Amino acid sequence: ATPVTVGGKISSIIILIGSVALLGSVIGHFTSLFIMERKKKMPVDLNKHIAICYWSSRGDTIIKELRNSEMAAEKEIIVLHDNEIDEKELRDKNDYYKNVFFIEGDPTKTKMLSDSRVAFAESVIILAGNNDATIADPMTILTCLSIYKLCQKLEVKKPRIIAELMNRENRDIALDAGADEIVSAGFYRTGIMLQSALFPNLSDIFHELLSYGSDKTSVYI
């Protein structure tokens with residue numbers, strides 16, 4: 001009911017103001033928590049870290065192998081992704097996700113790359129986010145170009161970019177866009193299978209060379 005007396009109207013106004021203040025306090029509290037969580041996920045002073053753009057089933061293996069390497073055992077790793085990732089499940093199941101920060105957004109966008117300090121990374125791994133080369137490769141190439149342009153704008157040395165391509169024919173344009181190393185999964189996979197057909201146990205040798213661990217042989221260039 002609408003207040004009729006002057007006292008009632010004044011009380012209504014006081015209650016309304018108090019409610020707005022309380023709501024503002026609650027919103028401010030949650031906002032501060034959100035900012036704190038954002039800072040926790042995205043350290044403001046990252047430098048010489050490793051950035052991974054896009055996420056696939058290979059992402060978990062890459063992080064695990066990086067942690068088995070002495071050179072990256074404690075390095076911060078930023079994962080820029082545009083799909084749903086159950087971060088809690090990954091962390092609960094694996095202890096090597098310490099200092100791994102997941103940032104959701106489009107890796108081709110300059111602001112996303114800038115906020116994640118990709119320009120100051122030691123190296124960037126760009127995974128094929130889709131098995132369709134007509135979709136994945138253009139996104140990979142565009143991400144390379146976006147990183148290259150951002151580094152030019154900031155006048156900093158470009159991090160080393162390792163790009164995964166689904167179609168090796170796109171290699172030259174990816175290099176022109178700023179990639180330093182090209183990995184074409186299908187090309188290497190096919191080559192290893194063919195060689196293994198001729199030389200028994202050759203696939204085991206490749207596995208040992210490409211894996212890190214105290215009981216494995218590692219190759220450093």
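Val118, Val124, Ile126, Cys144, Ile147, Ile161 and Ala179 touch the most other members of the 27-residue largest nonpolar core, a core being a set of buried Ala, Val, Leu, Ile, Met, Phe, Trp, Tyr and Cys residues joined through side-chain atoms within 4.5 Å. At least two residues of this core come from each of β1, β2 (77-81), β3 (100-104), α4, β4, α5 and β5, and α5 gives the largest share, five residues. The model is predicted: local features need pLDDT of at least 70, side-chain atom pairs count only at pLDDT 80 or more, and totals for chains, interfaces and linings use all residues. Residues are numbered from 1 along each chain as its sequence is written, and side-chain values use heavy atoms, with hydrogens and water left out.

**Core surroundings**
- Val118 is in contact (heavy atoms within 4.5 Å) with His49, Ala51, Leu80, Leu113, Val124, Ile147 and Pro159, neighbours within four places in sequence aside.
- A second, separate core has 16 residues, among them Val79, Ile85, Leu90 and Val100.
- Ser123, in strand β4, is buried at 14% relative accessible area; buried means under 20%, exposed over 50% and partly exposed in between, with a 1.4 Å probe and protein chains only.
- Beyond residues up to four places away in sequence, Ser123 touches His49, Ile50, Ala51, Pro159, Arg160 and Ile162.

**Helix α5**
- Helices (H or I, at least four residues) and strands (E, at least two) are DSSP runs, numbered from the N terminus.
- The 22 residues of α5 (133-154) should span 32 Å at 1.5 Å a residue, and the end C-alpha atoms, 31 Å apart, agree with this; the expected span is 1.5 Å times one less than the number of residues.
- Buried residues of α5 include Ala136, Thr140, Cys144, Ile147 and Cys151.
- The cover over the buried residues of α5 includes β1 (50-53), α4 (110-115), β4 (123-126), β5 (160-165) and α6 (171-176).

**Salt bridges**
- The whole structure holds nine salt bridges, each a side-chain nitrogen of Lys or Arg within 4 Å of a carboxyl oxygen of Asp or Glu.
- Asp92 pairs with Lys88, with closest N and O atoms 2.8 Å apart; both residues are exposed.
- Asp92 and Lys88 are four residues apart in helix α3 (residues 87-93), so about one helical turn separates them.
- Asp115 and Lys111 form a salt bridge at 2.7 Å, N to O, and both lie in helix α4.
- Asp180 and Lys158 also form a salt bridge at 2.7 Å, N to O.
- Asp180 lies in the loop between α6 and β6 (181-184) and Lys158 in the loop between α5 and β5, so this pair ties together parts 22 residues apart in sequence.
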